[in-house]
Amino acid sequence: MSQESLTGLHILITRPSAQAAPWALQLQKLGATTSSQAMLEICPLADSDAKQSAKNTVMRLDEYQKVIFVSQNAVNFGISEIDTYWPQLPADISFFAVGASTAELLADKLNGLGGNISYPGQAMNSEALLALPALENIDKDEKILIVRGRGGRTHLGSSLEARGALVDYCEIYERRAPEKVDAKRIAAFKNSMLTPIISVHSGETLDNLYKAIATYTSEETLHWLQRTPLLLPGARVAHIAKNLAFKHIIVAENATNESMIEALYDWRHQ
């Protein structure tokens, strides 16, 4: 990846707080100015029934032939729970991750005990994961566990079920929309003399951003938001943006920092 300057850009980061800081630092090193307003927070499970359900599922880990982690958050929360009940991993489980970053984190958390971890190359989504040969050709009634947050997309699980798998979910954390928005921070970003860009890493984050601006600021600010360039991690989120009447969309190949930055470079050279 080239390392040209991003000087002159003011990028509003909407990632959860834990992921916002390293993303901001990388952008700043390339010359961009950044502000942060989290539009999604990742939290431990609060509901006691949900906690018990996750525990029960993890305790049956040895029943599954394949385990899929859909995000780095799924790895962080999921492996923590697995370590509590499985000091030694069950044998003969194949692990899958939605992308290279998630796979790298999973390998680190498993300390080399998870064997080979399969993941798609460029695209980081359910469709690319489903195209992996090991998930395209599965045995009838093969048991697959998907580790994710509460209320995630159903496409991955339903597609695997259509191929003959028996799919369970381990919902190990939850995502929450912000309870309020710092209107002064949004106003300062809006009034910046630099070129504004809003980086968004998921469809849920984009929905939260739109609703928060509509709820906590003015109609004029909402219209300004829809005219501000959005940096997005793929075609699915871009489709959501178009449905919300966003006018200027920058689409990266995936949600990695490298791909998002390359998309910014390409956009500046148009």
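Guide: Two strands count as paired if DSSP finds at least two bridges between them. The structure shown here is a predicted model.

Visitor: What makes β1 and β2 a pair?

Guide: Strand β1, residues 9-13, is joined to β2 by four bridges. The cut-off is at least two bridges, so the two strands pair. They run parallel.

Visitor: Which strands form the open sheet, and in what order?

Guide: The order is β2-β1-β9-β10-β11, five strands with parallel pairing.

Visitor: Why do β2 and β11 stand at the edges?

Guide: β2 (33-36) and β11 (249-251) each have a single partner strand, so one side of each is without a neighbour in the sheet. From one strand to the next, the twist averages 25°.

Visitor: Is the crossing of α1 and α12 left-handed or right-handed?

Guide: The crossing of these two helices, α1 and α12, is right-handed.

Visitor: How do you know where empty space is left?

Guide: A probe the size of a water molecule, rolled over the atoms, shows where empty space is left. In this model the largest pocket has a volume of about 1,300 Å³, and about 200 Å³ of space lies in the second largest pocket.

Visitor: What lines the largest pocket?

Guide: Its lining has 50 residues, and those nearest the centre are Val 70, Ser 71, Met 124, His 201 and Ser 202. By class, the lining of the largest pocket holds 19 nonpolar, 21 polar and ten charged residues.

Visitor: What makes a residue part of the lining of the second largest pocket?

Guide: A lining residue has an atom within 4 Å of a point of the pocket. Pro 44, Leu 45, Lys 51, Ala 54, Phe 77, Ser 80, Glu 81 and Ile 172 line the second largest pocket, so each of them meets that limit. Two or more of the lining residues come from each of α2 (48-59) and α3 (72-85). Helix α3 gives the largest share, three residues.

How values were computed:
Residues are numbered from 1 along each chain as its sequence is written. This is a predicted model: local features need pLDDT of at least 70, side-chain atom pairs count only at pLDDT 80 or more; totals for chains, interfaces and linings use all residues. Side-chain values use heavy atoms; hydrogens and water are left out. On a 1 Å grid over the protein atoms alone, a cavity is a set of points where a 1.4 Å probe fits but cannot get out, and a pocket is an open set with protein on both sides within 12 Å along at least five of seven lines; lining residues have an atom within 4 Å of a point. Grid points are joined across faces, edges and corners, and a volume is the space filled by probe spheres set on the points. Ala, Val, Leu, Ile, Met, Phe, Trp, Tyr, Cys and Pro count as nonpolar, Asp, Glu, Lys and Arg as charged, and the others, Gly among them, as polar. Axes are lines fitted to C-alpha atoms, for helices over the stretch in contact, and angles run from 0 to 180 degrees between N-to-C directions. A crossing is left-handed if the near helix is turned anticlockwise from the far one by less than a right angle, and right-handed if clockwise.
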